[in-house]
Amino acid sequence: MLPTIDIHTHHPRPGQLSLPNVRIQDEHPCLPASGPYSAGIHPWDTAEAREVWLDMFVSPPAGLAAIGETGLDLRPPYPPLEVQRSWLEAQLQAARRLDLPVILHNVRATAPLQATLSRYTDLPVLLHGFTGSPELVRQWIRQVPAVRFSFGPTLMRSPKSQDGLRWIATQCPERLFLETDDAPQIDIREMYIFASASIGWETDRLSEYLYHNFNTLFPRLCP
């Protein structure tokens with residue numbers, strides 16, 4: 001039986017193949033004792049960020065499997081675009097140097113995020129918590145050919161996201177992932193069941209695709 005895969009979570013559960021996220025907020029981030037994880041400077045923290053926060057990407061710990069979440073969030077409470085973008089670029093450069101994928105946060109920032117990523121087309125990037133329509137999926141693929149999409153708990157209450165999920169499953173299932181993000185009450189198995197029903201697949205079929213996609217994105221982590 002294939003493991004369930006939670007590609008982005010802040011609340012990992014035992015017995016599941018998950019990629020817990022570490023939010024770097026000082027020079028000594030608290031890293032998981034074992035297993036793979038992602039780590040990055042979140043756009044919300046960029047006003048306080050310091051160069052020393054990037055030190056873990058100089059000689060990265062063995063468990064570092066992806067950089068992020070990083071990205072852009074253009075809602076008013078958060079730092080200005082140029083501040084966020086400078087730290088995003090620093091992490092994209094580290095990901096290129098380390099040959100690691102990038103997990104991206106995107107809120108109201110699709111155009112500037114795509115413009116920035118246009119200079120890093122060699123990097124595989126994962127849009128976490130994706131909520132877009134099929135039209136937006138197609139736009140992302142045109143602009144960022146190595147993009148992947150991860151759907152979180154919002155999928156369960158968003159018809160637009162369900163349409164996006166179905167389009168990806170039909171047209172490019174190799175780009176598909178699921179996550180629980182910051183929802184401790186959600187088990188990734190619930191996401192599998194809901195997504196399978198939305199697509200019209202057996203859960204085993206979805207599991208096979210997600211397992212294959214994980215091993216393609218993280219070949220060094222193949223269980």
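Helices (H or I, at least four residues) and strands (E, at least two) are DSSP runs, numbered from the N terminus. By this definition the protein has 6 helices and 8 strands. The model is predicted: local features need pLDDT of at least 70, side-chain atom pairs count only at pLDDT 80 or more, and totals for chains, interfaces and linings use all residues. Residues are numbered from 1 along each chain as its sequence is written, and side-chain values use heavy atoms, without hydrogens or water.

Along the sequence, the elements follow the pattern β-β-β-β-α-β-α-β-α-β-α-β-α-α. The radius of gyration, taken over C-alpha atoms, is 16 Å.

The strands form an open sheet of 8, in the order S1-S2-S3-S4-S5-S6-S7-S8. Pairing, which requires at least two DSSP bridges between two strands, is parallel. S1 (5-9) and S8 (176-178) stand at the edges; each has a single partner strand, so one side of each is left without a neighbour in the sheet. Neighbouring strands are turned by 25° against each other on average, direction ignored.

S4 (residues 64-73) and S5 (residues 102-107) pair in the parallel sense over 5 bridges. Gly71 has His105 in S5 as its bridge partner. Helix H2 (residues 110-117) lies across S4, S5 and S6 (125-127) and runs at about 150° to S5. Axes are lines fitted to C-alpha atoms, for helices over the stretch in contact, and angles run from 0 to 180 degrees between N-to-C directions. Helix H3 (residues 134-143) packs on the sheet and touches S5, S6 and S7 (147-151). The direction of H3 makes about 150° with that of S7.

Two helix pairs were examined. The axes of H1 (residues 81-98) and H2 come within 11 Å and cross at roughly 35°. Contact (heavy atoms within 4.5 Å) involves Leu81, Arg85, Leu88, Glu89 and Leu92 of H1 and Pro112, Leu113, Thr116 and Leu117 of H2.

The axes of H4 (residues 159-171) and H5 (residues 188-199) come within 9 Å and cross at roughly 75°. H4 is therefore roughly perpendicular to H5 (65 to 115 degrees). Gln162, Leu165, Arg166 and Ala169 in H4 meet Phe194, Ala195, Ser198 and Ile199 in H5.

How values were computed: Parallel < 35°, antiparallel > 145°, perpendicular 65-115°, else oblique. Rg over C-alpha atoms; globule rule 2.2 N^0.38 Å.
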